[in-house]
Structures are given as structure tokens and as C-alpha cells.
Amino acid sequence: MSLIRGISDRQSFPVGEMTANAVDRGTATVDLNIVDEIVERCGRKPEAAIPILQAIQAHFRYLPQEALERVCQLTEIRPSQLIGVATFYGQFRFRPVGRHIIHVCHGTACHVKGAERIQEALERHLGLRPGEDTDPEGLFTVEKVACLGCCTLAPVIQIDRSTYGRLTPAKIPRVLADFLHAQSNGSHPSRGPSAGDFEEGEVRVGLGSCCQAQGSAEVYRRFEELVTLAAVPISIKRVGCVGMCHQTPLVEVVPRRGKSQVYAKVEPDDVPAIVHRHFRPRKLWSRLRYGLNRWLDHLLGDIDEDALEPQSLDVRDPPVCAFLGRQLRIATELAGEIDPLSLDEYLAHGGFKAAERAVKEWSAEQIIEEVKRSGLRGRGGAGFPTAEKWTVVRKATGEPKYVTCNGDEGDPGAFMDRMILESFPYRVIEGMLIAAKAVGAHEGIFYIRAEYPLAVERVRAAIHICEERGILGDRVLGTDFRFHLRVNEGAGAFVCGEETALIASMEGRRGMPRLRPPYPAEFGFGGRPTLVNNVETFALVPWIIRHGAERFARLGTATSKGTKVFALAGKIRRGGLIEVPMGITLREIIEEIGGGALPGRRIKAVQVGGPSGGCVSEALFDTPVDYEALTATGAIMGSGGLIVLDNTDCMVDIARYFLRFTQDQSCGKCTLCRIGTRRMLEILERICNGEGRAGDLEVLEDLARTVSAGSLCGLGKTAPNPVLTTLRYFREEYEAHLRGECPAGKCSPLIRYVIADQCIGCTLCAQNCPVGAIPLRPYRRHAVDDAKCTRCDTCRLVCPIGAVVVESGGRVVAYGPMAQTNSTTSPGGPTSASGGTCATLPQFVPLSEGRSGIVATATSQNSGRAL
Amino acid sequence: MNEAHCRVSIDGRIIEVPRGTTVLQAARQLGLDIPTLCYLEGLKPQTSCLVCTVKVIENGRARMMPACGTPVSDGMVVESETAEVAHVRRRALELILSDHVGDCFAPCHYACPARMDIPTVLRHIQVGQLSEAIATIKRAVAIPATLSYVCPRPCEKGCRRHYLDEPVMICQLSRFVAEKDLTSDAPYSPPCQPNSGRAVAVVGAGPTGLSAAFYLRQAGHQVTIFDSAPQPGGRLRQMIGEDAGRVPIDILDAEIALILRSGVEYRGETPLVTSEQSGLTLTLLTRQFDAVLLAFGEQSQGFYRAIGLACDNRGLVVDRGTFQTSLPQVFAAGSAIRGRVSVARSCADGKSVAECIDAFLREGHPRNVTEPFGVRMGRLEKEELDRLAQVAARSGKETPPQEWDIETAREQAGRCLHCDCRALPVCRLRQYAERYGVDPNRYRAQRARFEIVSQPSGVIFEPGKCILCGICVELTESARAPLGLTFIGRGFDVRIGVPFDKSLEEALGELAAQCVAACPTGALSFREGKPQLTLPILRVQNLSSQTSR
């Protein structure tokens, strides 16, 4: 059986076809009653296609052909539409999958920190042959994902709902074992917040996706458990992302009296000590029981209060101060302070005041005028003036009109929109409400990518609460104004961030962009005028209305006003989600907020704007954050990814990385993008593999310019940017590759691992080599068998004296981490593996990160700051 | 001008068109030929091929846009025929061709020095149309029956069938057709163009000279052949005999007679002599004729110098593209310039030089004759060959018949795999590739697998030739076909597919003919009824940039 037959077998999409190693799965007959129910729930119109497919996959874990045929019988959806859609989006699978799905993040930050090697290690460990994605036992299916949005924890994998960060190839067997162990123990269901008397204060636990990836959910659960057990009268509160992702999980303790305290990198086992330190149980019996527990814990050595000290943070502490000091929060105002889903808290901080003004007092023209005076431009990347777009939609003829929030943030290395949707759903709703009034729309749609389940969940919940409280619905805030909101989930296609593709997707079609004009503002969803704005753009609107356009316009440069949210990651000391005023220079962001280069490294570029952006070289770091200034460098503002690259990063590899992404995400419609990006990628692959020829760079550059000039949509027009900028600023690296050298020591075919004279024969490299390329020779100098070596880098990382080096073109291009002087404060970088120089003993050096050592206290009143 | 109209400038020409008109429609009203592949009149623009790209300047902003989908606006300035626009179109075509799997012309065609359109000949034979077959043969070879006795048969070595079992017996079939024609009441003689008033002297009556005379006469020129021997034939006369590899004398005489009967004059026993001697000198010839062709076989450098032509260390100085010697009026071809070559090569040269001389006489200057553009997929894997063979009408090894008759000939011709493109005469991709001078191998891409799907109704689909224009998808969509065609997958791997376990035939239904007709390339075609070839196919080999993967 196959989905399509006889036409072509270039790439097959088998349906219901059992692979040889998946015999015991999915053989049960497909229960079509489920399909009937799903159709009943999702509707029969063509635009229901994607929700129906998502529901079918949620149930069966893939799309059985019988189910799809049934859908065509039951609905207005024709077979060609359904199959076209199902094969377009990356989310849909046509084969039964393993019991657990491992998502390997190939985001930019993960890529520069070795995602490729993690992928190889997984495949090797699971015994996958080329082309296979599921292990012989059918336990795990390995899938690549564009970005999990946990860039500060790179490299990251996600197994079902559990995320593992800061991995090395050597950790993979342990991670899988841990996961299976946790599975067999059964997972703890999360409890709702406990009711009671919270007069003693509150504990705020960051529950953004990155915090959760670092185990904050477990921390939250432990707090609840302990507080219930000890009957401590405090509230445990979930708050959104704080932005300091390099310190996650973050917990802030705010006692009713006294100073608040921030703890970084909290682990579940730290919870009892934190609670004990700040709070006492009220009831005698509870106190006794608590005391007994504590005494027992002490006996068992569970609590070590002194160990807590080094983890708490203070905004006055220089690094923290630098991280927060240059930031200015508008879109992310109140970060870390409010419960994302508490409407009352949002209202208490001035929430929906702007919407009230817009709906009750101001005319549409007044709103647009105010936005116009603020100078707000679209934050999705292109920077189109927001008020201008609103005016076009307002003036466009055709009813009904729609307001759409573009939350299809797909750039690897960008997670601003996810964080805003997760942490401030009401703010975005308010922005959309104001926009709806301004353009005369009564229906709004959130388009959020399916990879952001938490954002989808919170936005849905927030819409529901708003409806209950009369903020959304037929009588918005008690007026005649009518506005309804709903959520559409994306299905895994980066190109759907392009507005015409987004609309095609909402209409239940393949997410293929079309030629503009006509623009969606005039001819959009269902052929009606549709306003499409980015999440961050909407999030800025309430502030502008509340505080006035002038205050917003005072920030920034002549043409770029206000603030911009960036996801800062890569080879810097402090990564995270930051919001900065426009006009700040790249250098200020990288040096002051990011803390500069990792020890012993030299920063050489920053990749701005993700796959559509470009690499800006260090020489241009004084460029201000400004739409025009960034465009002049060859990059673009983009949606806000900032990936810092240092001397260990190969720029050709970076260009190839981004092109792989865009090439993979091309919708396949127009010739220049569909084939052009593939041919560019092939040339880059050849160069990285040492098969480049003279003339390749000229062919590449010419093609890049043509694709950029002639492609149909933004994806194709900007896809060559990473290639063009690296060719512009780092041409000598390309030329080195043509000579057979990779100066950064990244490109596997051009490098080899060599063990230098100083080898002490400790055998660690031999013990850790996953492919047996290093024969065991105790107390003698070891050697790498180049034919067997897979360049997994493990030996270099484990060598206690840095004797394993990387050679390219006959010279050493990378030393082992232990070759440099001790560096413990940098999170994430390979140089931070703990341990000094181990002279003689053959012992296993732990690869885990050390914790940072920062001490002090903070007040919770400091509201402009993160915590 | 009113609100409903826009004034647009296209390549400097102003046109006023109703609002909503596309740039393409406006340009066509002006008679400008903007190339299109994915555009079909009456369907909404697909804007996928981007071959119709133009530069649009609007409100001071210049952009490259597909003309088919861009509506005009008042004051819009469009550039179409500029180097910048041609560059984008050329790259788009090169990218399409870099992902194109198929042969424009069959391998046998390229193997034949005379570039005979062998698959077409075989198709004619297969359906018993021998008069069409001889006409096609004679467009490439002037003396096919003679040649068939002495030809080394490179075509059969190039035949794909060769890798499967035995090649199609092209040479035998060609002889069968040619001899059948010679023995008929009215042997085929192609019509000649009206008299051009120009006269050409051909020195040498061997295969090169005879061939050149044949085609020059067809082109309307007055032709006189000079030779030292009393009878025409040149070195063919030394090959006469009844044994294998020798030409029966009656065949040779009959074919030469046919050429002379078309109006070619023969003057035997008139050798070309050096200027010191008395007799037929080159000076005399150039004075009396508008052009002279030297086709007298291998000669010494001394002789060339003596008749007044320049030589270098490789021999006679000749432009390899135009066959022109150091004297503008004098051309040389065949063994005269190549050393001893096969009769087939000589025949091919005769035909090519005839074209060059014809261009010289009509246009006053020689013109490089180039090979028509064609992509080649090169050698096929066994699995790919099997697919090709499945689609071909007949298969299996055939033993050569004792006696050739129409039935055995048809059977043998039926073994052809039809490697050439069924859409060759109508394929716009090939035409534009030729127009824009594209290099299909610029990107050194690896060839994708060759696939071919044949349906019982005669529809053939070759995914490798599909440019994903979307026309067939749109046609089935707008006709609300119950099943329909769809794009499958995304990005580079997108292809056209039929939902579920259904066949292409079920998807196309009654729209098959419409879809085949609308397909801009040879991706969709009918097994039978290949359009008749209209292009002249012969020419000088200068393929370095076009030879395939």
C-alpha cells in the first residue's frame, strides 16, 4: 500500500506499510469511529483539513490511510487536498512510530554546539542503519527538529515531553537509560495549586519552556508537595519566562516581610532547603511533623543548607546587573512577576486599560494615528510600518475582516514569540483587540506553531478566561464592539511564517506562498481583508496606547522606534531572552548583556535574523540595532535570533547549516528557491567535504544573487543571505576550504584527530571512544585510527591534559578543553568541563557543568528588572 | 485615460491596458515574446517556473517579478529584453534542467555522425510508412543505401537496447527502406528550393562531394561536380563488390543517378590542378562560381599551398565551425580536412558544409552551424532500462530475419525503446534553453533516477521531465475531478502524485488529452501520435558545452 502509486518513487510516503523492524506496532485495525468523532468535532469544510489531520495523528500517532479515506468520504475535503496537505507539513507521519519519540534539536545554538554529533551518537547507540529512524525494538523513533527553543541549554534533545540539555555524545547512553528508568517508575501527575492561606508570601517558579526543559516543573511539584506536607502558608506561583535562560530553573522567593531572594539552577533536591530557609509551618502538628521530616532528612544527609548559598542571585551582582541593566521591557514587561494566566494580576498591572480606551473612547482613526506617531514597525522581520498596514486593512472593502496573530515562529535559534505567548498571553490578546477595533475586524485568529504546545495551551486558556470575563465576545468590555478569537495550530512548516502561506495554511491548504500583490491586507483569509501582525508587534501595542506614542517614539533611532526582543545564544557567557531599546549596538548586547567571549575564545561574528539573516563580522559590531543599519550589513533585523560565533565556528559550515534549513523548508513552488537553494547547498556541501573546485565560489555567489533577486516569496529572497554575508566577510575561510583546510576544525572530512606527545597513557580516550578507533595502550602514547574515527570529538573532550588535538591542512586548529587554564564560570561551552589538570590517574572526568557561584539578595519591588 | 486604465511602459514602449491586466498580457499585446512555461491562458497564473521574470519598477522600487502574475499599475515601467532579466531567466532554465531527467534526442541520434533522426525512422517503419521513413532518412544522409553497406554502425553501439539484449538493427532497416525506395517506380527525391541564382563548384565526387551536392541542390543552388575520374563515386568506387562490407555496383549507381537527376552537373576527368599547370585551377573556379567546395579526399600540404591555400602544421587551415578555408569563398570538408575518415563521417560533413555554404551564399558571411540544444541523461542503470523497456511496445531479443520484408522490418523497428523525447518538437523548455544559450550542467548536479510510467490508455508520465508547473493539478482541480492530482511533499522533493492507491489514469480521467496538450515539457505525453519533427537535424559537432552528465 502506498499513498500515491505508480507516479514516482523519488521519495516514498508509505502509508500503513510496515517496516521490517516495526512488526509489532500498528497492526491493529484502524477504528474509524474515532475519525467520525474527529470530523464531528472539527467540521467538514476544507479549512478543517489540518485540525482533522492533527487530531487523527494525536490518536493513532500517525496517519493511517483508512482514516484519511474516511475523512474524504465524510467531508468536503477532496483526496487531492488532503494528501497534498498531509505530505506538506512536517508534523505528519505516515508510518507507525516507536513508543517514544526523540526530537533532536538542530537549532542554530545546538548546531554550533554539536547537534550533529549528538544525532550520530543516538543513531549509533540505537543501531539505526542509514535511512532508518526507529530502533529494531520499536522503542525510540529519532526525529530532527528545527528548534526546540531551548537555545541556552544547547545541545538539546527531547524525549516525549522530557528535555535533556547540555549533552555530549558520551552522555547519550545514560540519558536514554535515565529516561527509561523514569518511565518504569511512573511519572508523577502534576497537581493543581493548593488552596489555603498564603499570608507568609509566595514562591515564583519560572515555567517557560526553557525552565521546564531544565526541570522546573519538577521543582514546582516539589514545592507544592513540601508546602502541602509542611502546611506552610505560602503560595506557589508559576510565572513566565524571565529571560535569564542561562540560569534556569529560576525560583524567586518573596516573603511577606523581608527581602526576596532569587535562586538559580535550582534542582528538585534543593527545594526543602529553600523552603526551610524562608518559611516556618504554622500549625503545631505540622511543625512537629515537618521537624521530624527535617530531622530524618538530616540523618539521611538530604539537606545541606550551606550548599544553597552559591546559587542565589542578585541584580546588584555585576554579571546579573550587566545582563539586566541594558534591558528595557515593554513587550516583556513584568517578566517573572505575574502568573501568565492570572487575569487579575494582569488587570492589576494596568492590563486591558489600553483596550478599554481603544474600544470605549477612541475612534479607529485615533488608534491608528497613535500607532503611527509611535513609529512602530512590524517585528516579524521586514519592518513594515504597522500603522500603514492597519490603514490599508481599515480602508479595504470586503467583510468580514480578520486580525491574525502570526505565531509561526520557526527560525532555529529564535524563541521570542514562544516566550511572549507563554508568559503574556493577555498582552497579545489586548494588542489584537486594539488592532481589531482599529481595522474594523470582529474575528481574530492566532496561528501558533504546533511545536509550542505550552503557548497554544496558555493562549487557549487565556481566550477562554477573557470570554468568561466579558473581555472577548459579543460585547467587549460592555460595549457593542464584538470580537472573537480562536487558535489555529501550525503543522510544522517554517514557510507558513510568510503571510500568504500562513493564510493558505489557515484555509486548510498547502502552505505555499503566492505572489504579492494582492497583499493580505486587501485579499487575505477567505479572500477578505486580513491584518497579519507578529506576536511581538501586538504585544507592544497596549503599552503604546497606555503610555502614549511619544514615550515609545523617544526610544530608538530615527527610523526604528521602541524596543526589540532578541534570543541571545551561542558562544557567549550569558544567553537568554532579552529586550533592548532600538539603537543599542551589537557590541553592547554581546559584550555587556552577553558577557562577551567564553574564556580563551575570540568572538568573530554574530548571526542576526536566523536563516533569513546574515553573519555580521566582529568589525561591524558597532552597528546599531536598526532595520536599515542591519540591512546595510547584509543581515536583516529578522524576528530576533542572535547567535554569537567564535573562533571555533566554521563560517562555511554555518552558511551550510542555514541553507540546509531553508532548503528543507522551501515550499517547492518556484524554481529559483526549490532548485536554487538545493544547488547552493550542494556546492556548500562539496566545499565542506573538501571537494570544492576553483570557480565554485563564483558559481555560488552568482546563484545566491539570482535566487535572492528572483524568488517569489520572502523565504527564497532571504535564504541566500547567510551565504552572501559569509562570502562577504569570511571569504578567506571559503578559500581555505578549497585548499583542503577548515581553519575552525569543524568540517569532518577536512580534519583529523591526533594525539600529541604529551599523552600520558591514561586510556580515557580509548575507553570513551564509541567506535574503538583508539587502541588501549596503558601508560603509553595513544594514537587515533583515522579510518575508524567518526570525529565525534569525545576523545578531545575527555583527555585530561588536552593531548588530543584537531589538525587540518597540516596544522593544529583545535586543542582539547583541558589544555587551557581552568575555566569554571562559563555555562555551556566545552571549555567549561570541570576539573583541573589530572596528571596521572586514569579516572573518568565528569562532563557535567559546574554551578555558577553568585551570592546575594534582591527585593521584589525591583519591577523593571527581571526578578 | 480613466481610472480603469493603466499606462505602462514595457521595454520603452507605452501601452494602455485595463486595470487587472497582467504584465504578460500587456507585453503580448505589444507583440513581445516573454517566455512562459507554467502559464496557460485561461488558468490562474501558477507563478512557479519564473521563466517569465521581468524587472518591474514601481514607485521607484525595482523588483524581479513573474510577468504572468503581476498586475499592471499606472506608471509602471517594465524591462523584459535586458541582459539582467535574461540572466535570471537563463538561471531559472538552468536550474530546471539541472533537475531534468530525460533525453531530448536519443543516444543513437548522437552516435550517428549525420545525426539521422533514427527513432522517428523506426516509428515510421513500425507503422509501415516507408515513404515517410525514406524522407526522414534523406534529411540526414544523401546515399543511405550505399552507406548501409560500409557504415561502421555507431548508432547501434549507441542504442540503449544494446545494454538490454541486442541493439535495434538500424543499419539493416535503413538499407531495407532505402533499397525498397530505389527499386520503386518513383524513388524519393526531395523537392528543391526555387533557383537561387548562385552556382557552387564541388571538387570531388566521393561521399562528401555527392552529399554536399545533394543538399546544395535542394537549397536551390546550381551545382557542378568536378572529378578526375570518369565516373562519379570517388573512393566508393573502390568499395564495389558483392562481399560483406562492399557496395553492390547497381546500388551505388542508382543512388548517384538519383542525385544527378535532381539537377547536379557532373564533369569527369577534370582534375583540379595547381596554378602553374593548365587546366582547372582554383582561381578559375573562384572566378566562375560563387563558392567552391574542396571534397577531394586527403591531399598533401604541398598541394594545398600550390593551389593557393594557407596551411599550418596540422594541415589545411579551416575554420572548424564553418569549413571556410583561408579564401573566404572556398570551403573544404571530409577527408580533405580530417585525414581518412569513415564514409559516414564524410556523408555527415557533406551535409554540414552544404548548410554553411548555403548560409554564406544567402547571408554573405559564413555562419557557425550549431547543434540543436539537447539534454542527455547518459548511461542508464539496469533497473532504469527495464522501466524503459516495459513502456516500449515490444521487447525480447530478436533474431535477424533471413529475408527482410515489410513484416520483419516492422517487427524489428518495434524493438525501439523510443529514448528520444516524445515532446521534442513542442517542448518549450528546450526551445527557451536554446534561445537563452543555457548550460544545463552548470551546477554539476547528480542526475536523479529515471522513471517512466505508462498507462493502458496510452498516457505516459515521466516525473524527471516534470517542472512542477502545476498546470495539470490546476486543470483537475478546476474541473473538480473526483480524485484529482496533487503536489506531494515539500521543497526539492515535491512531485506530482495521485492520492491513495489510485492510478494516474483514474486521476486524469477525461482530462488526459487536455493535460497532455497543456504540459509545457514532455512529462505528460501519449505513447502514440508523437508530433512530427519539423526541425532540421544535422549539423556540425561542437558539443563541448552541451554534452551531458
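Let's start with B:His109 and what surrounds it. Leaving aside neighbours within four places in sequence, B:His109 is in contact with B:Arg115, B:Asp117, B:Ile118 and B:Asp420. Keep in mind that this is a predicted model. B:His109 sits in helix α3 of chain B, residues 107–111. Is B:His109 buried or exposed? It is buried, because 24 other C-beta atoms lie within 10 Å, and the cut-off for buried is 20 or more. One more distance here. B:Pro154 is 45 residues from B:His109 along the chain, and their C-alpha atoms are separated by 9.7 Å.

Next, a helix pair in chain B. In general, two packed helices are described by the angle between their axes and the distance between the axes. Helix α4 of chain B covers residues 118–126, and helix α17 of chain B covers residues 406–413. They pack at an angle of about 135°, with their axes 8 Å apart. That angle makes α4(B) oblique to α17(B). The crossing of the two is left-handed. Which residues make the contact? From α4(B), they are B:Leu122, B:Ile125 and B:Gln126. From α17(B), they are B:Ala409, B:Arg410 and B:Ala413. By class, that contact has four nonpolar residues, one polar and one charged. B:Ile118, one of the contacts of B:His109, falls within the 118–126 stretch of α4(B).

Now the core. The largest nonpolar core has 412 residues. Those with the most contacts inside it are A:Ala435, B:Val292, B:Leu293, B:Phe331 and B:Ile357. Take B:Phe331. Not counting residues up to four places away in sequence, B:Phe331 touches B:Val292, B:Leu293 and B:Ile357, among others. Its contacts also include B:Ala291, B:Leu294, B:Phe323, B:Val353 and B:Cys356. B:Gln324 and B:Thr325 are on that list as well.

On to the contact between the chains. How many residues does each chain give? Chain B gives 51 and chain A gives 45. On the side of chain B that touches chain A, the elements giving two or more residues are β4 (61–66), α2 (83–98), β17 (486–488) and β18 (495–497). The largest share, seven residues, comes from α2(B). By class, the residues on that side of chain B are 27 nonpolar, 13 polar and eleven charged.

Last, chain A as a whole. Its secondary structure comes to 33 helices and 21 strands. Chain A has 867 residues, and buried residues make up 57% of them. Now take its contacts between residues at least 6 apart in sequence. Of these, 73% join residues at least 24 apart.

Technical notes: Residues are numbered from 1 along each chain as its sequence is written. Chains are lettered from A and ligands numbered from 1 in the order in which they are written. This is a predicted model: local features need pLDDT of at least 70, side-chain atom pairs count only at pLDDT 80 or more; totals for chains, interfaces and linings use all residues. A nonpolar core is a set of buried Ala, Val, Leu, Ile, Met, Phe, Trp, Tyr and Cys residues joined through C-beta atoms within 7 Å. A residue is buried if 20 or more other C-beta atoms lie within 10 Å of its own, exposed if 12 or fewer, and partly exposed in between; C-beta atoms are placed from the backbone. Two residues are in contact if their C-beta atoms, placed from the backbone, lie within 7 Å. Axes are lines fitted to C-alpha atoms, for helices over the stretch in contact, and angles run from 0 to 180 degrees between N-to-C directions. Helices (H or I, at least four residues) and strands (E, at least two) are DSSP runs, numbered from the N terminus. Angles under 35 degrees count as roughly parallel, over 145 as roughly antiparallel, 65 to 115 as roughly perpendicular and the rest as oblique. A crossing is left-handed if the near helix is turned anticlockwise from the far one by less than a right angle, and right-handed if clockwise. Ala, Val, Leu, Ile, Met, Phe, Trp, Tyr, Cys and Pro count as nonpolar, Asp, Glu, Lys and Arg as charged, and the others, Gly among them, as polar.
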